[in-house]
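Reader: I am new to this structure. Could you show it to me, so that I may ask about it?

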Amino acid sequence: MHRRTLVAGTVSAVVAAAAPGTASTRRIGMTDVTRLQEKFAAVVASDHQHGGQLDIEQRAIRLANQALNLQNAGSATQRVRSTLYATAASFRSSAMWAAIDGRRFQDAIAHMQEAQTLAELSGDQAIKFRIWSHAGSLYRHMGRSADARAANDVARNLHITRRDPMFASLGLARQMAIQGVAHERGGLPRVFDHAQTAMARADRDAFRPVWLHAFYDEAELHSLALTAYLAAGDWPTAEYHAHQCLRVLRPHMKRSRAIATSRLAQAQLAQGDVDTATHTAMKVSAEAATQHARVSRMLQEFTAALRATAPGSESVRTWTEQTAAWRATA
């Protein structure tokens, strides 16, 4: 199946899925939905292991379609139908994030539009937050900081952020990353403090969606601060947040570790610490260095900066040998 076929979808097709099949007498219940949601947890786990891969994106699309097909498989209560739409929106938002992470931005926009429609049909505040928050990240990666801010503001203005400080904290943390790209360095410490305070106020035992529980914690807060300060050109503060992120990062978050390590190396190199920066960059796994689009791009930027900073040095020779070894194993 061609990728464009997987990505393509229309609002009319989504709405058509709402009508139950008249020929079926099957009753669709929460047990059916739960089976799909268990598969969603597996998609989220794969993303944290590998991130940005096309197969994760395609698997999420197929599972979103399964959720919509289930709408037509029999009768169901309104609660079940709403939950199915939310589940389909969750899968589409995961496809969207995989495309963002793989720098397939046009595909990500298509997934975003489908996910937004499904989220509206579901009425689920949490998935609406995820999609608009992802939209802010998408536009940030595309260099469209005004659009990124507007999208993130939609997420932050949802009433779920007033009900649960953890959502408010994530909205603030992503605002910080957007401000960094816009070079608004002065406001970053205040926003970080607000995000940290909101996280501390959140009830740790409250029920939250699996996607939020799976990634947003102290490490991710520091990771977004690292992103912000690196973009704003405050290298020492970026380095501080990188160390804090890596100190508390959960072991299975391989994609996040590779990203934070690459950014740490960039911050160290920008301060002129060539040998330390090279040693740091060499800690990135071969898989992440060669197969993850974001990490590969960051390491390419590191290579160019290293050669410009210390041309002909031993560090450059060591790094060149390392990248050649990675390519040989790819």
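Reader: How many aromatic pairs does the structure hold?

Author: The structure holds six aromatic pairs. Rings of Phe, Tyr and Trp (its six-membered ring) pair if their centres lie within 6.5 Å; planes under 30 degrees apart count as stacked, over 60 as edge-to-face and the rest as tilted. One of the pairs is formed by Phe129 and Phe167, an edge-to-face arrangement with 5.2 Å centre to centre and 85° between the planes.

Reader: Where in the chain are Phe129 and Phe167?

Author: They link distant parts of the chain, 38 residues apart: Phe129 is in helix 7 (residues 125–141) and Phe167 in helix 10 (residues 165–181). Helices (H or I, at least four residues) and strands (E, at least two) are DSSP runs, numbered from the N terminus.

Reader: Before we continue, what kind of model is this?

Author: This is a predicted model, in which local features need pLDDT of at least 70 and side-chain atom pairs count only at pLDDT 80 or more, while totals for chains, interfaces and linings use all residues. Residues are numbered from 1 along each chain as its sequence is written, and side-chain values use heavy atoms, with hydrogens and water left out.

Reader: Thank you. Is Phe129 buried or exposed?

Author: Phe129 counts as buried because its relative accessibility is 0%. Phe167 is also buried, with a relative accessible area of 2%. Buried means under 20% relative accessible area, exposed over 50%, and partly exposed in between (1.4 Å probe, protein chains only).

Reader: Which residues form an aromatic cluster?

Author: Phe129, Phe167 and Trp211 form one aromatic cluster. Trp211 is also touched by Val44, which touches Ala214 as well, not counting residues up to four places away in sequence. Contact here means heavy atoms within 4.5 Å.

Reader: And where is Val44 found?

Author: Val44 is found in helix 3 (residues 30–49), and it is buried, with a relative accessible area of 7%.

Reader: Let us turn to helix packing. How do the axes of helix 4 and helix 5 cross?

Author: The axes of helix 4 (residues 54–71) and helix 5 (residues 78–101) come within 8 Å and cross at roughly 165°. Helix 4 is therefore roughly antiparallel to helix 5. Axes are lines fitted to C-alpha atoms, for helices over the stretch in contact, and angles run from 0 to 180 degrees between N-to-C directions. Angles under 35 degrees count as roughly parallel, over 145 as roughly antiparallel, 65 to 115 as roughly perpendicular and the rest as oblique.

Reader: Which residues make the contact?

Author: Among them are Ile56, Ala60 and Leu68 of helix 4, and Leu84, Tyr85 and Phe91 of helix 5. By class, this contact of helix 4 with helix 5 has 15 nonpolar, three polar and three charged residues. Ala, Val, Leu, Ile, Met, Phe, Trp, Tyr, Cys and Pro count as nonpolar, Asp, Glu, Lys and Arg as charged, and the others, Gly among them, as polar.

Reader: What about His183: is it buried or exposed?

Author: His183 counts as exposed, at 55% relative accessibility. Its place is in the loop between helix 10 and helix 11 (188–201), and its phi is near 60°, a positive value in a residue other than glycine.
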